[in-house]
Amino acid sequence: WRRRGAMGAGVSSFFFGAAAEAAPGAAGLGDLPELCAAQVLLRLDAPEICRLARLNHAFRGAAGADFVWEAKLPENYRHLIGYVEGGGEEGRRRRRRAGTKEIYARLSRPVSFDDGTKEFWLEKSKGRVCMALSSKALVITGIDDRRYWTHMPTTESRFQSVAYLQQIWWFEVVGELDFCFPVGTYSLYFRVHLGKFSKRFGRRVCSTEHVHGWNKKPVRFQLSTSDGQNALSQCYLDEPGSWVLYHAGDFVSTNPRQALKLKFSMAQIDCTHTKGGLCVDSVLVYPKGFQQEKVVTGAK
Amino acid sequence: MAATPADASSSSSEAVVGGEKSNKMITLISSDGESFEATEEAAKMSVTIKHMIEDGCADDGIPLPNVPAKILSMVIEYCNKHAADADDTNKHVADPADADEDDDNNNNNASAGEKEDLKSFDASLVAVDQATLFDIILAANFLSIKGLLDLACQKVADDIKDKSVEEVREIFKIENDFTKEEEEAVRKENAWAFNE
């Protein structure tokens with residue numbers, strides 16, 4: 001729009017049309033030309049923009065403006081949209097031609113990668129990246145031994161399956177992630193649940209009879225990045241019967257064009273006691289401050 | 001209402017990054033024929049006017065057929081205030097060699113105070129009735145004054161942010177120019193933003 005403004009008075013009547021004929025002071029929100037409406041929408045969140053598209057034609061047009069959505073997308077959105085598959089060659093071509101609003105809409109739905117064991121999405125209001133890694137993406141000591149671990153299908157996991165620990169001495173869950181995060185600070189969590197749950201007659205039933213050993217020694221959480229960031233903490237697992245996000249630490253991304261390699265773990269390997277009755281759902285990465293479930297942060 | 005530079009010492013001979021500043025006055029003419037004077041520096045906050053000056057079209061005054069006097073005087077007030085601010089910032093960094101620590105702190109305090117000043121000036125400039133606010137947006141857009149457009153649009157955004165579509169229509173008197181089918185289509189194409 002700056003280019004047009006600079007063309008001077010000749011452009012003004014094209015721009016303002018009816019509004020130019022209106023008596024001074026008679027302009028209202030409904031008379032704002034589309035580009036001005038877009039300037040207002042630029043300063044609102046995605047859900048707000050989509051809501052106000054219903055106001056009138058000018059706002060509907062403004063709500064579709066490329067520059068509005070370009071400002072909302074993470075700086076490396078072209079790289080992120082590359083993770084989206086499907087549709088074959090036709091799909092690829094469509095994605096290359098897609099406007100920024102369409103891209104924002106697609107990226108705000110989960111995009112899965114690494115064989116469906118991981119997925120990321122943009123949280124709708126500010127377009128920041130969130131990520132989830134399923135238990136199948138994690139390296140769990142003893143996972144193949146049915147005396148210790150089993151996979152439990154459940155709708156309480158976005159991956160439809162959690163790893164359930166019956167009992168073990170050496171409890172260790174390790175994960176790795178290689179990703180280009182948009183600039184910002186993120187928090188990494190382990191989503192776990194003390195107790196086994198199921199549905200009986202449509203109601204959720206939780207059994208904690210096999211929960212044991214977690215009050216003997218704390219669990220250690222570790223997070224490190226390829227550019228030297230480190231976090232270490234520990235805490236006792238508690239709150240049986242509900243999902244808890246245990247905060248392993250924070251990391252900062254300063255370069256969206258460079259993949260950050262993360263290594264993280266949750267462990268309790270004191271072999272003098274067994275522990276068990278735990279569901280491990282996933283590892284979550286959220287923009288710092290954006291948390292949705294119960295969060296527990298350990299002490300250093 | 002003539003707009004004049006607030007600070008006479010801006011014409012002193014300090015070395016300022018960016019070359020010489022002229023104190024030439026530019027005449028701006030509102031849609032209803034009123035003439036306003038502004039320094040070239042303030043006037044150039046409008047990219048539109050800046051280009052006209054550089055193209056040599058400004059000598060007999062610049063007519064602005066879409067900007068009524070009431071709005072033009074507010075725009076010039078904004079430009080004066082913000083041009084003076086940019087000027088002061090330049091002055092503070094003009095002689096880093098001379099500044100000792102005390103000086104630096106004083107300068108920082110002065111800028112902090114000025115920034116507060118500017119913020120409250122900006123806030124009161126847009127604390128106006130809707131019609132005026134929209135006229136400011138139209139003018140800032142036409143004149144390409146980014147800071148003023150930002151300010152006014154942010155105010156409108158803040159005002160409509162938490163209101164329902166019906167409320168916004170009612171308060172701002174927006175006519176629903178959609179047919180039933182069109183409105184349904186808009187709802188559908190934007191539903192993705194509200195799921196989950």
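Q: What makes up the secondary structure of chain B, and how do you know what counts as a helix or a strand?
A: Chain B comes to 8 helices and 3 strands, where a helix is a DSSP run of H or I with at least four residues and a strand is a run of E with at least two, numbered from the N terminus. From the N terminus on, these elements of chain B follow the order β-β-α-α-β-α-α-α-α-α-α. This is a predicted model, in which local features need pLDDT of at least 70 and side-chain atom pairs count only at pLDDT 80 or more, while totals for chains, interfaces and linings use all residues. Residues are numbered from 1 along each chain as its sequence is written, chains are lettered from A and ligands numbered from 1 in the order in which they are written, and side-chain values use heavy atoms, with hydrogens and water left out.

Q: Which residues line the largest cavity, and what is their class?
A: Lining residues have an atom within 4 Å of a point, and among them here are B:L28, B:S46, B:V75 and B:C79. The elements that give two or more residues to this lining are α1 (40–43) and α3 (69–94) of chain B, and α3(B) gives the most, with 4 residues. By class, the lining has 11 nonpolar, 1 polar and no charged residues.

Q: Why is the ring pair of A:W149 and A:F171 called stacked?
A: Rings of Phe, Tyr and Trp (its six-membered ring) pair if their centres lie within 6.5 Å, and planes under 30 degrees apart count as stacked, over 60 as edge-to-face and the rest as tilted. With 6.1 Å centre to centre and 25° between the planes, A:W149 and A:F171 form a stacked pair. A:W149 lies in strand β5 (residues 149–153) and A:F171 in strand β7 (residues 171–179) of chain A, so the pair ties together parts that are 22 residues apart in sequence.

Q: Why is the pair of A:Y286 and A:F290 called edge-to-face?
A: The planes of A:Y286 and A:F290 are 75° apart, with 5.6 Å centre to centre, and the pair is therefore edge-to-face.

Q: How do you know whether A:D115 and B:S144 are buried or exposed?
A: Buried means under 20% relative accessible area, exposed over 50%, and partly exposed in between (1.4 Å probe, protein chains only). A:D115, in the loop between β1 (111–113) and β2 (118–122) of chain A, has 82% and is therefore exposed. B:S144, in the loop between α5 (130–143) and α6 (146–160) of chain B, has 2% and therefore counts as buried.

Q: How do you know whether chain A is a compact globule or more spread out?
A: The radius of gyration is taken over C-alpha atoms, and the globule rule is 2.2 Å times the number of residues to the power 0.38. Chain A comes to 10 helices and 16 strands. Its radius of gyration is 25 Å, well over the 19 Å that the rule gives for 300 residues, so chain A is more spread out than a compact globule.

Notes. 1 Å grid on protein atoms, 1.4 Å probe; cavity = no way out; pocket = protein on both sides within 12 Å on 5 of 7 lines; lining within 4 Å. Nonpolar A, V, L, I, M, F, W, Y, C, P; charged D, E, K, R; others polar.
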